[in-house]
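Here's a quick briefing to read with the structure open beside you. Take it topic by topic, and find each residue as you go.

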Amino acid sequence: VDAGGGGGAYQSTLNNCTLAGNVASGGGSASACTLSNCTLAGNLASWGGGAFACTLDDCVLTSNTALVGGGGAYGGALAGCTLTGNSAGGGGGAIDATLSNCTLVGNAAISSGGGAYSGTLIGCALGGNSAQWGGGAAYGALTGCTLTNNTATQSGGGAYSGTLIGCALGGNTAQWGGGVYTGSLDSCTL
């Protein structure tokens, strides 16, 4: 389905659904929706390849693409979700979103935030993500997260210019600041 917003669904509640191969300007598969136990796969949008301004619980967002920002999700709130193999100009996994207990693996951003860009992450695992700046995350507030094996071609393999509290970082690589570049850390392990 090709739409202006929410290629698959708009302002709807979805449970145990699969949204795949949809195209929209905002929210390739869903926009302004509430989703539970859904799979969002292979969707395309300018903003929020998988979802735009949605609430997602226990969902899988995989192989979605955002031409500008938020390969998996743009904005919204995600809990217990898995974001894998998503890509975007910025925020390969998610941008400007609140994520709790989510797993972000193998996402990529052309510029910043391979796993996540901006936003708030609590108890999340970020691994194997890549970007030019902030392979795991850029500019976000991360609490109790693990950042492992993320890569930045320039700066901040694990995180770039963010605030990290009680996080564990290991095996991240970058030209400058393999773990963190220009970040603020409290009670973290590197």
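A residue counts as buried under 20% relative accessible area, as exposed over 50%, and as partly exposed in between. At 39% relative accessibility, Tyr-139 therefore counts as partly exposed. Keep in mind that you're looking at a predicted model.

- E34 pairs with E30 in the parallel sense, over 2 bridges. In that pairing, Ala-159 has Val-180 in E34 as its bridge partner.
- As background, strands of a sheet pair through backbone hydrogen bonds, either parallel or antiparallel.

**Some other strand pairs**

- Strand E9 (residues 44-47) runs parallel to strand E13 (residues 65-69), and 3 bridges link them. Look for Trp-47, whose bridge partner in E13 is Gly-69.
- E13 is also joined to strand E17 (residues 87-90), again in parallel and by 3 bridges. Here Ala-66 has Ala-88 in E17 as its bridge partner.

- The model has 5 aromatic pairs. One of them is Tyr-117 with Tyr-139, an edge-to-face pair with 5.4 Å centre to centre and 65° between the planes.
- Why does this pair tie together separate parts of the chain? Tyr-117 lies in strand E22 (residues 116-117), while Tyr-139 is in the loop between strand E26 (137-138) and strand E27 (141-143), so the parts it ties together are 22 residues apart in sequence.
- Tyr-117 has a relative accessible area of 27%, so this residue is partly exposed.
- Tyr-160 and Tyr-181 have ring centres 5.5 Å apart and planes at 5°, so this pair is stacked. The pair links distant parts of the chain, with Tyr-160 in strand E30 (residues 159-160) and Tyr-181 in strand E34 (residues 180-181), 21 residues apart.
- Buried or partly exposed: what is Tyr-160? Its relative accessibility is 15%, so Tyr-160 counts as buried. Tyr-181, with a relative accessible area of 31%, is partly exposed.

**A nonpolar patch on the surface**

- Which residues form the nonpolar patch? They are Val-23, Leu-44, Trp-47, Leu-67 and Val-68, with about 400 Å² of accessible area together.
- E9 and E13 are the elements that give two or more residues to the patch.
- Val-23 lies in strand E5 (residues 23-26). Its relative accessible area is 31%, so Val-23 is partly exposed.

**Two residues with positive phi**

- Asn-37 isn't a glycine, yet has a positive phi of about 55°. You'll find Asn-37 in the loop between strand E7 (34-36) and strand E8 (39-41). With a relative accessible area of 41%, Asn-37 is partly exposed.
- Thr-182 isn't a glycine either, and has a positive phi of about 50°. Its place is in the loop between E34 and strand E35 (184-186). Thr-182 counts as exposed because its relative accessibility is 51%.

Key
Residues numbered from 1 in each chain as written. Predicted model: local features only at pLDDT ≥ 70, side-chain atom pairs only at ≥ 80, totals over all residues. Heavy atoms only, no water. Pairing = 2+ DSSP bridges. Helix = DSSP H or I, 4+ residues; strand = E, 2+ residues; numbered from the N terminus. Phe/Tyr/Trp six-rings, centres within 6.5 Å; stacked < 30°, edge-to-face > 60°. Buried < 20%, exposed > 50% of the residue type's maximum accessible area, 1.4 Å probe, protein only. Patch = residues over 30% accessible without salt bridge, like charges linked within 9 Å, V, L, I, M, F, W, Y side chains within 5 Å. Areas by Shrake-Rupley, 256 points an atom, 1.4 Å probe, with all protein chains shown as cover. Salt bridge = Lys/Arg side-chain N within 4 Å of Asp/Glu carboxyl O.
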